[in-house]
Amino acid sequence: MSIRVTVWGENVHERKNRIVADLYPDGMHATIATALNRDPDVTATTVTLQDPDHGLTPERLAQTDVLIWWGHAAHGEVQDHIVDRVCDAVWSGMGAIFLHSAHFSKPFKRLMGSPCNLTWREAGERERLWLTSRNHPIAAGLPDSFELEHEEMYGEPFGVPEPMETVFVSWFQGGEVFRSGLTYKRGAGNIFYFRPGHETYPTYHDANVQRVILNAVKWAHNPAARLADPNAAPNVPVEVAPEPITERGPRLHQAGEEGFR
């Protein structure tokens, strides 16, 4: 069975900016999905901010093995109950890949629990990405380094938690460096953040970038069954404790009663 990928696109700049529209006439989300669909092990479809429920209905998320997220201009327009849905799906076992300016998206900030801030410059400068973990599955088939001739600069410090592993580090023509490929685990879900992808440059047409995203999809995919409720916090009665015990003190809750949240 193929890995089911949903590519979420903000789809704002593609409709309002001529440069972006010329580079991505069907949207960045469509370019990413088309590249992924060349692999027989992946089935990628797209949804956008403008769709009902931003395209992320409970049914869609239940049928998504890996969610890819790109956003920039309209982070604040993403409804909070949709953010709750996405985070619940990740905690339950759905993989998630956040691209470029999605570092400031509501779901990523919620999952990281940090400001996710950085320094930046939009000057079309060269970016060189270096592998820092050659044997990581996300690095499969890639050279030790590759270049993007035109990109937006992101610089350290990057206000995210320490990752499980840093797969890529970027150097920019202006001298800054950035941890540009980071892996995380949140609940049962695997998360990858990948830095490149400014909308006025043809980054998602680049073969190495497409390879990274494909590798990340396969790494993030969790074939295990989803957790039914990642927020469950059951009250375990005395009589079903693994070892026999005698209740010895007062309590706030009766057996089976929900706790405070």
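## Basis of the model

The model is predicted; local features need pLDDT of at least 70 and side-chain atom pairs count only at pLDDT 80 or more, while totals for chains, interfaces and linings use all residues. Residues are numbered from 1 along each chain as its sequence is written, and side-chain values use heavy atoms, with hydrogens and water left out.

## The chain as a whole

The protein chain contains 7 helices and 9 strands. These are DSSP runs numbered from the N terminus, with helices (H or I) of at least four residues and strands (E) of at least two. The C-alpha trace spans about 70 × 40 × 35 Å along its principal axes.

Of the 261 residues, 49% are buried, where buried means under 20% relative accessible area, exposed over 50% and partly exposed in between, with a 1.4 Å probe and protein chains only. Contact means heavy atoms within 4.5 Å. Among contacts between residues at least 6 apart in sequence, 71% join residues at least 24 apart.

## Helix H7

Helix H7 covers residues 207-220, 14 residues in total, and reaches 20 Å from its first C-alpha to its last. That is close to the 20 Å expected at 1.5 Å a residue, the expected span being 1.5 Å times one less than the number of residues.

H7 is mostly covered, with 10 of its 14 residues buried; among them are Val209, Ile213 and Trp219.

## Tyrosine 193

Tyrosine 193 is part of strand S9, residues 189-194. Tyrosine 193 is buried, at 0% relative accessibility. Leaving out residues up to four places away in sequence, tyrosine 193 touches a set of residues including Phe98, His100, Tyr154 and Phe178. The side chain of tyrosine 193 also reaches the backbone oxygen of histidine 100 at 2.8 Å.

Isoleucine 68 is 125 residues from tyrosine 193 in sequence, yet the two are 9.9 Å apart in space, C-alpha to C-alpha.

## Asparagine 11

Asparagine 11 sits in the loop between strand S1 (3-9) and helix H1 (13-16). Asparagine 11 is buried, with a relative accessible area of 14%. Apart from neighbours within four places in sequence, asparagine 11 is in contact with His29, Thr48 and Gln50.

The side chains of asparagine 11 and glutamine 50 are joined by a polar contact of 3.3 Å. A polar contact is a pair of N or O atoms within 3.5 Å; within protein, one must be able to donate a hydrogen and the other to accept it, and residues adjacent in sequence count only if both atoms are side-chain atoms.
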